[in-house]
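Colleague: Hi! I'm new to this one, could you walk me through it?
Modeller: Happy to, let me bring it up on the screen.

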Amino acid sequence: MTDPTEADLNALDVTPGEAAEINAIAHPLLADPAPDANDKLVQIRSTTDGVVFVTINRPDKRNAFDAPTIAALYEAFETLQGADHVRVVFIRGAGGTFSAGADLGWMRDAAGWSEGDNRTDAMGLAKMLKALHDVPALTVAIVEGAAMGGGAGIVAACDMAVAVKGTHFAFSEVKLGLIPATIAPYVVEAVGPRTARALFMTAHGFDADAAKQYGLIDQVLASADAIDGFVTAFSDSMKACAPGAVGEAKRLVNDVAGRPIDHGLMEDTARRIAHARVSDEGQEGVRAYLDKRKPRWAE
């Protein structure tokens, strides 16, 4: 692991003095969806062929989280739950930074809350991450600049991630006496328990190349100039895949992971493929292959 500057290591984007000031907070990097969610904080753009872009839009704050931003992200991901026509969802931050973690002002406000209030508030990020995890379409994080703390948690909760070379990552919560609790299930799933322990317990920063080695991202882009080309090529490649089958394949992985391979699992998987074979997409896909033509969804 490399050892970047103190600013890069600080998941909450605060100075050491400010870190000491908020160190009494009882719960890490979390917030509850607020009723005053602002759609300007999270922008959603879609194309006619089912490509969606979700952008965290607080570039002046390096796209740090606060309660309204988390609420807006939650609403965006909830909206995508029933969007059957969506093929792929790209998630990124505006202004060249993915996310610096938690907003200092929001964390400072939380310093006076009780443990119960913090626990209630903590469900905000938990619900947002779960909503992202459950989006039926393939989700891809495009990471530039930095992804710290909860920002790196969003990366882990996506199905895939790419990062521009030189991007900084860190889970620095323990430097503030905190823990990366709510993001932990997704990070552990992405990198494995042993690597997660090292990253969480040391708070060491790491770059995009190391993130790929750990399994947090899947590909390193040479520069930000390569992002548009990646998005176009990847979106085009997804046109060959049936949207409904993509969602079912995602649910299949989530449902079988960690289960024992017993008769119950065998029956479950047999039921799923039988249903797929008689579905509209299954029938169209096989017929198109036999007829040596593209299926309807690829036109």
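Colleague: Let's start with a residue. What does N63 touch, leaving aside residues up to four places away in sequence?
Modeller: N63 touches I56, N57 and R58 on one stretch of numbering, and also G93, A94, T97, F98, S99 and A100. Keep in mind that this is a predicted model.

Colleague: Where is N63 found?
Modeller: N63 is in the loop between β2 and α3, with α3 covering 67-79.

Colleague: Is N63 buried or exposed?
Modeller: N63 is buried, with a relative accessible area of 0%. Its phi is near 55 degrees, which is a positive value in a residue other than glycine.

Colleague: Which other residue has a positive phi of about 55 degrees although it is not a glycine?
Modeller: K292 has one. K292 is placed in the segment after α13, which spans 280-290.

Colleague: And K292, buried or exposed?
Modeller: K292 is exposed, because its relative accessible area is 77%, and the cut-off for exposed is over 50%.

Colleague: Let me step back. How many helices and strands does the protein have?
Modeller: There are 13 helices and nine strands. The protein has 299 residues, and buried residues make up 48% of them.

Colleague: What share of the contacts joins residues at least 24 apart?
Modeller: Among contacts between residues at least 6 apart in sequence, 73% join residues at least 24 apart.

Colleague: Okay, strands. How do β1 and β2 pair?
Modeller: Strand β1, residues 42-46, pairs with strand β2, residues 51-56, in the antiparallel sense over five bridges.

Colleague: What do β1 and β2 form, and how many residues lie between them?
Modeller: They form a hairpin, with four residues between the strands. In the turn, G50 has a positive phi of about 90 degrees.

Colleague: What is the strand order in the open sheet of three strands?
Modeller: The order is β5-β7-β8, and the pairing is mixed. β5 (146-148) and β8 stand at the edges with a single partner strand each, so one side of each has no neighbour in the sheet.

Colleague: How many bridges link β7 and β8?
Modeller: Two bridges, and these strands pair in the antiparallel sense. In this pairing, F169 stands opposite F206 in β8.

Colleague: Where do F90 and F230 lie?
Modeller: F90 lies in strand β3 (residues 88-93) and F230 in helix α10 (residues 227-238), so the pair ties together parts that are 140 residues apart in sequence. Both F90 and F230 are buried.

Colleague: And how are the rings of F169 and F206 arranged?
Modeller: F169 and F206 form a stacked pair, 5.5 Å centre to centre with 10 degrees between the planes. F169 lies in strand β7 (residues 168-170) and F206 in strand β8 (residues 206-207), so their pair ties together parts that are 37 residues apart in sequence.

Colleague: How buried are they?
Modeller: F169 is buried, with a relative accessible area of 1%. F206 is buried too, and its relative accessible area is 1%.

Colleague: Which residues form one aromatic cluster with F169 and F206?
Modeller: F171, F200 and Y214 are in that cluster along with F169 and F206.

Colleague: Last topic, helices. At what angle do the axes of α11 and α12 cross?
Modeller: Helix α11 (residues 243-256) and helix α12 (residues 263-278) have axes that come within 12 Å and cross at roughly 175 degrees. That makes α11 roughly antiparallel to α12.

Colleague: Which residues meet there?
Modeller: From α11, R251, L252, D255 and V256 meet L265, T269 and R272 in α12. The residues of this contact divide into three nonpolar, one polar and three charged.

Methods: Residues numbered from 1 in each chain as written. Predicted model: local features only at pLDDT ≥ 70, side-chain atom pairs only at ≥ 80, totals over all residues. Heavy atoms only, no water. Axes fitted to C-alpha atoms, helices over the stretch in contact; angles between N-to-C directions. Parallel < 35°, antiparallel > 145°, perpendicular 65-115°, else oblique. Contact = heavy atoms within 4.5 Å. Nonpolar A, V, L, I, M, F, W, Y, C, P; charged D, E, K, R; others polar. Pairing = 2+ DSSP bridges. Buried < 20%, exposed > 50% of the residue type's maximum accessible area, 1.4 Å probe, protein only. Phe/Tyr/Trp six-rings, centres within 6.5 Å; stacked < 30°, edge-to-face > 60°.
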